[in-house]
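Thanks for asking me to look through this structure with you. Keep the picture open while you read, and take the points one at a time.

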Amino acid sequence: MPERLYNAAREIAITPAEVQTLLAAAPDAAFDMVAKVARQLVAAPIAAVNLIEGDRFWVKAGFGMPKAPLPRAEAFCDVTVRDDAPLVVDDAATDPRFRGLAVVTATDPVRFYAGVPLHVTDRARHVSEPVGTLCVMDVTPRSLPPGVLDALRELGDVLEKVIEAEVATARAVAVARTAAEQSLMLRRQDLTFRQAERLARIGSWWFSLETEETVWSEGMYRIYDLPPERSLTVDQALAHYTDFDRDALSSLVAHSIETGEPYTLEANFVSATGQQRRVRAVGQAEFEDGRATGISGVMQDVTETWQLEEKLRRSADTDAVTGIANRNAFNRLLADAITNSRMTGAPLALMLVDLDEFKGTNDTHGHLAGDDVLRAAGERLTDPALRGSLAARLGGDEFALIVTAPELLGDLARTAERLLERLRQPVRTATGLVPTSATIGYACYSEVHGSARDFVHCADKALYEAKRERRGSARGYRSFGRRSTDQAAD
């Protein structure tokens, strides 16, 4: 490759000077998800992804704090960026660097801070430069548990990849538009365009409504997994989308031809070699003298970014110890189940499960053995015999099970007794076999007919009665003020 063409191709590399402009229009979903995971990881009320803008920080995504810009001189994150290293402040009120900050002297002061710098790579100078931070804060002094700072660093690494992907996509689209507009420089721009397509995994296309001629770039053939000499009709190209997404895309294209409005769609896609992909389609009809003459567009393979976002969503909904749903996911799943029950009349039950003497297990056998007991409980609550019931860990030694299978609902007392039998099985740990048992309280939604909170309260009331009378038993809630029915196991 001639030296000047090689240098032109390298111009696609990310530079820190472009970050703010390009990220201003980037989707916020991945940033919000990382901030949410960081907040849950540290169990802190405040979490944010902050980016530098001159002498200010502005919040790209966050929880528990306003998104208004903050002067760098008033931000903990300024030290994190300036030192280009993770920063942990256990009590800002006693730290001479921060005790005078407005956020520390406020009515509700920030006392704890932990943050890691975020970088982009300036490939022209072969250096990585900080552009912002991922941080968590609390209004009470505290220490960061062992290993959590490393986890924050890993979340920061994930976020840096998202930032670079968004920046690369924006640059690639800009390069593609430039290549279309500057026909006099077509040969040089063609190389830049091809490099941009490879970098951002995009392809561009054009279709004539008058002649039905179709023109594809190399990137389109890569996304479709087709050789460049292979041509497809419009119907053949659309056939690679799933049925629902194909109909949606066809409707968007027709609307653009009618109105001239651009369209954007994320859709599921299957390549010619059977590869399952997630693609983003962007297009717009072209007009001459008020008449639509063609359509041009860009197609991008966003599979990796989409999978990353899905992984982050799963992380936010999954209990780290047991691998089953956490309390946030449980609240959403229960609300969905109640809505379905109201609409369809389908029966529904909720079981609340407390492990007996779990604190004693931790004290006697250690926390690692305690974690083994929690994992075993999670596995037993997801046993195939429970017919797809939805299990969640609510915190500590508390679990929940949303039951929808008719064969289990037909005799909930028997279902609870069988579950108790499973939960009584000793758990093998590094310290040996650990005895376990549990207590269950349950309620049928048909006897509650209230909100999710009412439903949980009824099951919790039954659980309280079971624990008060005999641990290791199960109780079912009964309405109209009658006492919960005893379904105690032997």
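1. **The whole chain.** Please remember that this is a predicted model. The protein chain holds 17 helices and 19 strands. Of its 490 residues, 47% are buried. The chain exposes about 24900 Å², and carbon and sulfur atoms supply 51% of that area. If you take the contacts between residues at least 6 apart in sequence, 57% of them join residues at least 24 apart.

2. **A sheet to find by eye.** Look for an open sheet of five strands in the order E8-E7-E11-E10-E9, with antiparallel pairing. Strands E8 and E9 (263-270) stand at the edges with a single partner strand each, so one side of each has no neighbour in the sheet. From one strand to the next, the twist averages 25 degrees.

3. **Strand E7.** Is E7 largely enclosed or left open? Six of the seven residues of E7 (residues 202-208) are buried, so the rest of the structure largely encloses this strand. E7 runs antiparallel to strand E11 (residues 291-301), and seven bridges join the two. One place to look is isoleucine 202, which stands opposite glutamine 300 in E11.

4. **Two helices side by side.** Two packed helices are described by the angle between their axes and the distance between the axes. For helix H3 (residues 29-42) and helix H11 (residues 303-317), the axes come within 9 Å and cross at roughly 30 degrees. That angle makes H3 roughly parallel to H11. The crossing of H3 and H11 is left-handed. Residues making the contact include Ala29, Met33 and Val37 of H3, and Leu312 and Ala316 of H11.

5. **Leucine 374.** This residue is found in helix H14 (residues 367-381). Is leucine 374 buried or exposed? Its relative accessibility is 2%, so leucine 374 counts as buried. Leaving aside neighbours within four places in sequence, its contacts include Val321, Leu355, Phe358 and Phe399. Aspartate 397 is 23 residues from leucine 374 in sequence, with 7.3 Å between their C-alpha atoms.

6. **Threonine 80.** Our last stop is in helix H4 (residues 77-83), the place of threonine 80. With 0% relative accessibility, threonine 80 counts as buried too. Not counting residues up to four places away in sequence, threonine 80 touches several residues, among them Leu87, Tyr113, Pro117 and Thr133.

Terms used
Residues are numbered from 1 along each chain as its sequence is written. This is a predicted model: local features need pLDDT of at least 70, side-chain atom pairs count only at pLDDT 80 or more; totals for chains, interfaces and linings use all residues. Side-chain values use heavy atoms; hydrogens and water are left out. Helices (H or I, at least four residues) and strands (E, at least two) are DSSP runs, numbered from the N terminus. Buried means under 20% relative accessible area, exposed over 50%, partly exposed in between (1.4 Å probe, protein chains only). Contact means heavy atoms within 4.5 Å. Accessible areas come from the Shrake-Rupley method with a 1.4 Å probe; for residues, only the protein chains shown count as cover. Two strands pair if DSSP finds at least two bridges between them. Axes are lines fitted to C-alpha atoms, for helices over the stretch in contact, and angles run from 0 to 180 degrees between N-to-C directions. Angles under 35 degrees count as roughly parallel, over 145 as roughly antiparallel, 65 to 115 as roughly perpendicular and the rest as oblique. A crossing is left-handed if the near helix is turned anticlockwise from the far one by less than a right angle, and right-handed if clockwise.
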